[in-house]
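Below are some notes for a colleague who is about to look through this model. They are set out as numbered points, to be read beside the sequence and the coordinates.

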Amino acid sequence: MRNTLTKFGWLFAGILAGVVTPQFFAPPAADASRQRGSSDPDPTLQQLAAGELPIVDLTWTLNDRNPYWPGENYEPFRLKTIATLEKDGVLSKSIFTPEHLGTHLDAPNHFEKNQPSVDEITPEAFFGPGVVIDVAAESEADPDFLLSIQHIEQWERTHEPVPTGAIVFLKTGWGRHWTNYPRYKNQDAMGKMHFPGYSVEAVRFLIEKRKIRGIGIDTLSIDRGLSRDFAVHHALNAAGRYGLENVARLEELPASGFHVFVAPVKVEAGTGGPTRIFAILPPKP
Ligand SMILES: [Zn+2]
């Protein structure tokens, strides 16, 4: 891990010094033909460092009103002051939270044995081209909506093939319910939740045929609310991939042509945790 980080550090330094061609943002060579044309080049790390690229923060702010998984032993986020400027000369707080609360990452060990914990995921997995599949209209009509392979193929006909190494987001429109916990989890009289998600077939397709790095969604779970077997979590985690849940502001992103930085908290043996996610957009024309 240390070698990888060092290499990455040198690459970054090299790019900033102009020694290394900024291939970081470029797609893997095998898929170069799938990408946008040369008239629309990928942005560079120099542009990012110069503050020239629009950044969308895909992270909800943590507080004690955040929705959380309504399971046994889960609890709301809490923040406790442990020192104050008046009494101690310093302001300091402690945070208490389930790993899977707010905008967070599901590590591969969340649902499968012998898979990496959050601290073991290689840094390279946290950077990739972004894709947004918009199913807000379908989800509005049917809160139990499942994304199928056909929906992905339809998206690809309209846009481009999902790039190798992509981080794929499913935009269900659920983000607009974030500050309304009952509406967000949408439980019926039996306690069953109703919100949209990925089908396991779609996720297998993205992993096997498109070699994606991870998937995200703007709901409580990448499996739809009705799921009891968590098939999507199992398929994703068994392939060593991660999920991102409660992702914010997907409506501010284009369908493709942007890059994603994923930065989860690094807890030893953790099954996930609070995660800052940034989308880096091309410079404004
Ligand atoms: Zn989770």
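1. The crossing of helices α7 and α8 is right-handed. Since this is a predicted model, that handedness, like everything else in these notes, describes computed coordinates. The two helix axes, for α7 over residues 200-208 and for α8 over residues 231-238, come within 9 Å and cross at roughly 15°. Because angles under 35 degrees count as roughly parallel, this crossing makes α7 roughly parallel to α8.

2. As for the residues through which these helices meet, α7 contributes Val-200, Val-203 and Arg-204, while α8 contributes Ala-231, Val-232, Ala-235 and Leu-236. Val-203 deserves a separate look: when its neighbours within four places in sequence are left aside, Val-203 is in contact with Val-232, Ala-235 and Leu-236, and also with Tyr-198 and Ile-215.

3. Which residues have the most contacts inside the largest nonpolar core? They are Ile-133, Val-168, Phe-169, Tyr-198, Val-203 and Ile-215, in a core that has 44 residues. Strand β7, which spans residues 167-171, gives the most to this core, with four residues. Another core, of seven residues, lies apart from it and includes Trp-60, Trp-178, Phe-195 and Leu-220. As general background, nonpolar side chains in soluble globular proteins tend to be buried together.

4. Turning to the strands, is β11 largely enclosed or largely open? Five of the seven residues of β11, which covers residues 258-264, are buried, and therefore the strand is largely enclosed by the rest of the structure.

5. The pairing of β11 can be followed through two partners. With strand β5 (residues 127-134), β11 pairs in the antiparallel sense over four bridges, and within that pairing Pro-129 has His-259 of β11 as its bridge partner. With strand β12 (residues 272-280), β11 also runs antiparallel, here joined by six bridges, and Phe-261 stands opposite Phe-278 of β12.

6. For the chain as a whole, the secondary structure comes to eight helices and twelve strands, and buried residues make up 35% of the 285 residues. Among contacts between residues at least 6 apart in sequence, 73% join residues at least 24 apart.

Methods: Residues numbered from 1 in each chain as written. Predicted model: local features only at pLDDT ≥ 70, side-chain atom pairs only at ≥ 80, totals over all residues. Buried ≥ 20, exposed ≤ 12 C-beta atoms within 10 Å, placed from the backbone. Pairing = 2+ DSSP bridges. Core = buried A, V, L, I, M, F, W, Y, C linked by C-beta atoms within 7 Å. Contact = placed C-beta atoms within 7 Å. Axes fitted to C-alpha atoms, helices over the stretch in contact; angles between N-to-C directions. Parallel < 35°, antiparallel > 145°, perpendicular 65-115°, else oblique. Left-handed = near helix turned anticlockwise from the far one by under 90°.
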